[in-house]
Amino acid sequence: MITIVSGLPRSGTSLMMQMLAAGGLPSLTDGDRKPDIDNPRGYCEWEPIKQLPKDPMLIDQSEGKAVKIIDDPAHGIRIEIAEKGKEVFQQCGVCHNADTDEKKMGPGLKGLFKKDKLANGKKPTETNIRAQIDDGGNGMPPYKESLGDGEKDDLIAYLKTL
Ligand code: HEC
C-alpha cells in the first residue's frame, strides 16, 4: 500500500506526515530539507519524488510508506507546454527517435540534455540545442524560418522531458 500526502505548499502536509509517522506508518524521506522556523519538526520530504512526472515508476519506492507529493501549481502549465512541443516534434520524428538514443537519420534524443556532447561536438546546453534547431547542418534542415519562437520554446520544453 502506498500512502500519498498531497496539497499546496504550506497547507499542512508536513504535519500530516508527522501524524502518520506517530501512528506507526513509516515515511519515505531523506531529511535533505532541514527543519526551519516554519517547520521545526522537519519537512518529511523525499527529494527524488520531484522527478515523478518524468519517471512515474518512482512511486513504487514508497511501497508500504507515506510519501509527500507537493502540488506545484505551475506543474500543469509545464506539462501543457511540453505537450505542445511534442506536437511540433512530429516533423522531427522522421529523423529522430524520442524514446531511445538509437540513431535514425539523426541521433536519438532520449536524455538529450544529459548527453556528454552533441554529434557536432558541442555541449548539450539550451543555447547549443537551439542553434542546432535554427541552423541544422550535417543532414538536418534548418528551422530558423519555418518554426516560430513560441514553437521553438515549446519544443525545447518537450526535449527537456526526454
Ligand atoms: C532530415 C532529418 C532530420 C530532421 C527532419 C531533423 N533532424 Fe535533427 N538532426 C539530424 C541529423 C542528421 C543530426 C546530426 C547532425 C550532426 O551530426 O551534427 C541532427 C541533430 C539534432 C540534434 C543534436 C542531437 C545530438 O545528440 O547531437 C538535435 C537536438 C536535433 N537534431 C533536433 C531536431 C529537432 C527538434 C527537429 C525538428 C524541429 C529535427 N532535429 C529535425 C537530422 C534531422
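Select Leu 58 to begin. In this predicted model, Leu 58 is partly exposed: 16 other C-beta atoms lie within 10 Å, and the buried class asks for 20 or more. Leu 58 sits in the loop between helix 1 (13–22) and strand 2 (66–70). Now show what surrounds it. Setting aside neighbours within four places in sequence, Leu 58 is in contact with Pro 48, Ile 49, Gln 51 and Leu 52.

Is Cys 44 buried or exposed? Cys 44 is buried, because 25 other C-beta atoms fall within 10 Å and 20 or more is enough for that class. Check the backbone while you're there: phi of Cys 44 is near 55°, a positive value in a residue that isn't glycine. Most residues other than glycine have a negative phi.

For another positive phi, jump to Arg 10, also not a glycine, with a value of about 65°. You'll find Arg 10 in the loop between strand 1 (3–7) and helix 1. Arg 10 is exposed, since 10 other C-beta atoms lie within 10 Å and the exposed class takes 12 or fewer.

Time to zoom out. Colour the chain by domain, with domain 1 as 3–70 and domain 2 as 75–159. Their centres, taken over C-alpha atoms, are 34 Å apart.

Next, select helix 2 (residues 75–89) and helix 4 (residues 149–159). Their axes come within 7 Å and cross at roughly 105°, so helix 2 and helix 4 are roughly perpendicular. To see the contact, show Arg 78, Ile 81, Ala 82, Lys 84, Gly 85, Lys 86, Val 88 and Phe 89 on helix 2, and Glu 151, Asp 154, Leu 155, Ala 157 and Tyr 158 on helix 4. Colour this set by class and you get seven nonpolar, one polar and five charged residues.

Last stop, the ligand. How many residues surround the ligand? There are 24, and the closest are Cys 92, Cys 95, Gly 106, Gly 139 and Met 140. Colour the shell by class: 15 nonpolar, eight polar and one charged. Finish by highlighting helix 3 (residues 126–135), which gives the most to this shell, with three residues.

Conventions
Residues are numbered from 1 along each chain as its sequence is written. This is a predicted model: local features need pLDDT of at least 70, side-chain atom pairs count only at pLDDT 80 or more; totals for chains, interfaces and linings use all residues. A residue is near a molecule or strand if its C-beta atom, placed from the backbone, lies within 6 Å of it. Helices (H or I, at least four residues) and strands (E, at least two) are DSSP runs, numbered from the N terminus. Ala, Val, Leu, Ile, Met, Phe, Trp, Tyr, Cys and Pro count as nonpolar, Asp, Glu, Lys and Arg as charged, and the others, Gly among them, as polar. Two residues are in contact if their C-beta atoms, placed from the backbone, lie within 7 Å. Domain bounds come from an automatic or database domain assignment. Axes are lines fitted to C-alpha atoms, for helices over the stretch in contact, and angles run from 0 to 180 degrees between N-to-C directions. Angles under 35 degrees count as roughly parallel, over 145 as roughly antiparallel, 65 to 115 as roughly perpendicular and the rest as oblique.
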